[in-house]
Structure formats: structure tokens, C-alpha cells
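The following report considers a single protein chain, from its overall architecture down to individual residues.

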Amino acid sequence: MSGIPAKGLRTGALASTALLAVLAMTGCGGQSLADAGPTAHSAGATFAATPAPSEDLAKSVIDGIKADPKLTAALPAAIQGAGIKMTTSEGYPPMEMFATDGKTLIGVDPSIGRAIANKLGVPLSINNEDFNSQIPGITTGRYDWIMSSMTDNAERRKTVTFVDYVRSGNGWVVKAGNPAGMGDPSTACGKSIAVVDNGSSLSLAESFDAACKAAGSKGVNILKFAGDQEAILQVRNGRADAGINDYPVAAYRAQTSGGALDAVSIKGGESPWGIAMKPENKELVDTVHKALQALIDDGSYAKILDAWNVSKMTVGTAAVNDGK
């Protein structure tokens with residue numbers, strides 16, 4: 001990708017990215033535990049969901065989700081009484097970021113997290129935490145689940161159990177309408193691709209170049225720049241046919257471009273991103289799995305991803321630990 005690290009495999013959080021005006025129309029958010037925790041309520045009491053923040057792009061969908069009493073009753077008693085403590089790591093738009101107030105967490109992960117909590121019929125609090133501190137926070141019981149664009153992989157499954165909610169790979173950032181016809185990696189052959197020098201997008205572009213040449217096609221003209229904004233500018237001005245980012249970042253660049261850019265997913269290399277929970281907390285894992293599947297089945301899940309312009313990350317079935 002260019003500029004923004006591949007968070008699914010990242011080792012630290014980005015600096016906060018300010019919300020652009022185009023996103024100020026709607027917005028969402030999680031709430032820091034430092035500001036407020038889940039509102040305690042007696043198990044079995046009528047659940048009244050807290051409305052999603054005004055900047056949540058999926059607010060209308062989230063606010064319309066009704067609790068399933070059977071799922072509520074299946075939750076651990078402690079969560080029925082106190083709600084869910086979720087952790088994420090801001091700085092990776094559109095997955096996790098601050099709203100314009102600088103403290104309310106919004107993005108795809110807070111939106112889906114809030115939707116699941118509403119389906120479960122319990123309050124949700126969201127804490128911003130350094131990415132590397134999140135799994136220890138689960139194992140010690142500080143948090144109930146992580147939603148932080150975290151890749152579900154074998155190494156992490158040694159410590160946590162995942163309920164997978166999206167799949168993500170890489171994406172092209174192209175001019176609106178994709179005039180260069182970018183698609184699978186072979187479409188890069190003979191094209192000019194703008195990347196961040198020494199970033200993961202450079203490595204990906206170099207692998208495409210090698211594959212093109214090995215197939216007897218013209219190689220990739222790789223244009224290297226110090227930062228993502230400079231690379232994207234080359235696409236806007238026509239010097240480059242495309243830039244490379246993680247797919248959700250490419251989608252965000254397109255969504256905030258005023259119609260100048262589009263995002264095109266690059267087939268191959270997709271991986272599952274999961275909601276991470278303590279393996280011993282089987283009741284929670286099971287109910288979260290069922291709640292997510294219910295949202296997939298009723299269409300709410302797809303509407304949330306569409307609101308954030310990341311519909312290409314949609315999964316048709318909620319899987320535990322990538323089905324393995």
C-alpha cells in the first residue's frame with residue numbers, strides 16, 4: 001500500500017487522520033472508556049440502544065437494529081449486566097478513526113461493533129488502544145473483544161479466537177471510471193504505478209513487475225514517492241495509471257476524492273479480519289458469531305459496509321477462525 005501501513009498485519013497505530021469534510025455529513029463512533037463505560041442494566045430488562053453518533057455513515061442502519069432476546073439470554077451473565085468492552089486502534093481510515101471532535105471513534109469497525117451490540121441487546125463502550133496492547137488486554141480480561149482490522153492468522157489463534165467479519169486485500173486507486181482498465185495483477189503490465197518508496201506498495205508493485213516480465217509482457221513503470229498523498233496526486237494528474245493501497249484505504253481515498261477517483265480491488269492475497277475474543281469465553285464467541293450472521297442474513301451488515309464504501313470486503317458467512 002502507499003503511506004498507510006497494512007493494519008491487518010501492522011505493528012503499531014498510525015497517527016490520527018483528520019476527518020475530511022465529505023465525511024462530516026454523517027458519522028459514528030465508539031466512545032473511549034476514559035469518557036464512559038457501558039451503562040449497567042439488569043439482565044432481561046428492556047434494552048434501549050444508544051443512538052449511533054451523528055457522524056457514523058451507517059447511523060440509520062445501526063439505529064434500526066433490534067435486539068434478539070434469545071441472544072441476550074445466551075450471553076455471559078457479566079456482559080448481560082454491564083455490557084461489552086471493545087478495543088480498537090484509531091488512525092486507519094475508514095476502518096477506525098476519530099470524528100471531528102477528536103475523541104469519538106468512528107469507522108467500519110465501530111459501526112459493525114455497535115450493530116452487533118444492538119443485536120445482542122447490550123451497551124457497548126469502545127476504547128482506543130495501541131494495536132500491540134490489544135491482545136494482552138483480551139487475555140487479562142480488560143476487554144471483551146477486539147475490532148481493529150486484525151488479520152485472523154494461525155499465530156494469533158494461539159492466543160485468541162476470531163469471528164471473521166470481512167476479508168481484505170489490496171486495491172488500486174484509479175481515476176474515476178478506471179480508464180486504464182486496472183484489475184488483477186496482470187493489468188499492471190506496461191502501466192505506470194505510483195507507490196510510496198520503501199513501503200509495502202513498492203514491494204507489491206515490484207512483484208507485479210517481475211511476474212509481467214516472467215510472462216513475456218512489458219514490465220511495470222514504478223513511480224516512487226515519499227508519501228501517499230504525492231503518489232495519489234500522480235493518479236489525479238494522469239502521470240500514473242494507478243496507485244496501490246490496502247483495499248479499505250483505497251476505498252477511503254476514492255470516497256473522499258469528490259468523485260475524482262475510484263477504488264478497484266486487486267484479486268488475490270485477501271485475508272480474513274476477525275473480532276478477537278478470549279478462547280475460554282465460548283458463550284461470547286458463540287453469541288457474537290450468531291449475531292453477526294443474523295446481521296448478514298437481514299442485510300444490515302451489507303448496508304453498513306456499503307455506507308463506508310467497502311462493499312468489496314463483504315463476507316457471505318460469519319466464520320470462526322477462518323473455518324479452521
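A contact here means heavy atoms within 4.5 Å. On that basis, residues 24 or more positions apart account for 79% of the contacts in the protein with a separation of 6 or more. The model is predicted.

**Overall architecture and confidence**

The chain has 324 residues, of which 54% count as buried, and its secondary structure consists of 10 helices and 11 strands. The accessible surface comes to about 12800 Å², with 52% of that area belonging to carbon and sulfur atoms.

The mean pLDDT is 88, and 86% of the residues reach 70 or more. Where pLDDT is low, the predicted coordinates should not be read in detail.

In soluble globular proteins, nonpolar side chains tend to be buried together. The largest nonpolar core in this model holds 54 residues, and Ile116, Leu120 and Trp145 touch the most other members. Helix α9 (residues 282-298) supplies the largest share of this core, with 7 residues. Apart from this core lies another of 18 residues, among them Leu202, Ala205, Cys212 and Val264.

Which residues does Ile116 touch, not counting residues up to four places away in sequence? They are Trp145, Ile275, Val288, Ala291, Leu292 and Leu295.

Leu71, in helix α2 (residues 69-74), also touches Ala291, together with Lys119, Leu120, Thr287 and Lys290, under the exclusion of residues up to four places away in sequence. The C-alpha atoms of Leu71 and Thr287 are separated by 6.0 Å, although the two residues are 216 residues apart along the chain. Leu71 has a relative accessibility of 9%; because the cut-off for burial is under 20%, Leu71 counts as buried.

**Helix α8**

Helix α8 (residues 247-255) is mostly covered, with 8 of its 9 residues buried. The buried residues are Tyr247, Pro248, Val249, Ala250, Ala251, Tyr252, Arg253 and Ala254. Their cover includes strands β2 (97-98), β6, β9 (242-246) and β10 (261-277), as well as helix α7 (228-236).

**The disulfide**

The structure holds 1 disulfide, which joins Cys189 to Cys212 with an S to S distance of 2.0 Å. This pair links distant parts of the chain, 23 residues apart: Cys189 lies in the loop between β6 (161-175) and β7 (192-196), and Cys212 in helix α6 (residues 200-214). The angle about the S-S bond is -90°, and the link is left-handed.

Asp152 is placed in the loop between β5 (145-146) and β6. Is this residue, Asp152, buried or exposed? With a relative accessible area of 4%, Asp152 is buried. A polar contact of 2.5 Å joins its side chain to that of Arg157. Not counting residues up to four places away in sequence, Asp152 touches Arg157, Phe162, Asp164, Pro272, Trp273, Gly274, Asn321 and Asp322.

Ser149 lies in the loop between β5 and β6 as well. Its phi is near 50°, a positive value in a residue other than glycine. Asp322, in the segment after β11 (319-320), has a positive phi of about 55° although it is not a glycine.

A further backbone feature is the peptide bond from Pro93 to Pro94, which is cis, with omega near 5°. Pro94 is found in the loop between β1 (84-88) and β2.

**Accessibility of selected residues**

The table gathers the relative accessible areas of residues discussed above.

| Residue | Relative accessible area | Class |
|---|---|---|
| Ser149 | 0% | buried |
| Asp152 | 4% | buried |
| Leu71 | 9% | buried |
| Asp322 | 23% | partly exposed |

The value of 23% places Asp322 in the partly exposed class, because burial requires a relative accessible area under 20% and exposure one over 50%. Ser149, at 0%, counts as buried.

Methods. Residues are numbered from 1 along each chain as its sequence is written. This is a predicted model: local features need pLDDT of at least 70, side-chain atom pairs count only at pLDDT 80 or more; totals for chains, interfaces and linings use all residues. Side-chain values use heavy atoms; hydrogens and water are left out. A disulfide is a pair of cysteine sulfur atoms within 2.5 Å. Helices (H or I, at least four residues) and strands (E, at least two) are DSSP runs, numbered from the N terminus. Buried means under 20% relative accessible area, exposed over 50%, partly exposed in between (1.4 Å probe, protein chains only). A nonpolar core is a set of buried Ala, Val, Leu, Ile, Met, Phe, Trp, Tyr and Cys residues joined through side-chain atoms within 4.5 Å. Accessible areas come from the Shrake-Rupley method with a 1.4 Å probe; for residues, only the protein chains shown count as cover. pLDDT is the predictor's confidence in each residue, from 0 to 100. A polar contact is a pair of N or O atoms within 3.5 Å; within protein, one must be able to donate a hydrogen and the other to accept it, and residues adjacent in sequence count only if both atoms are side-chain atoms.
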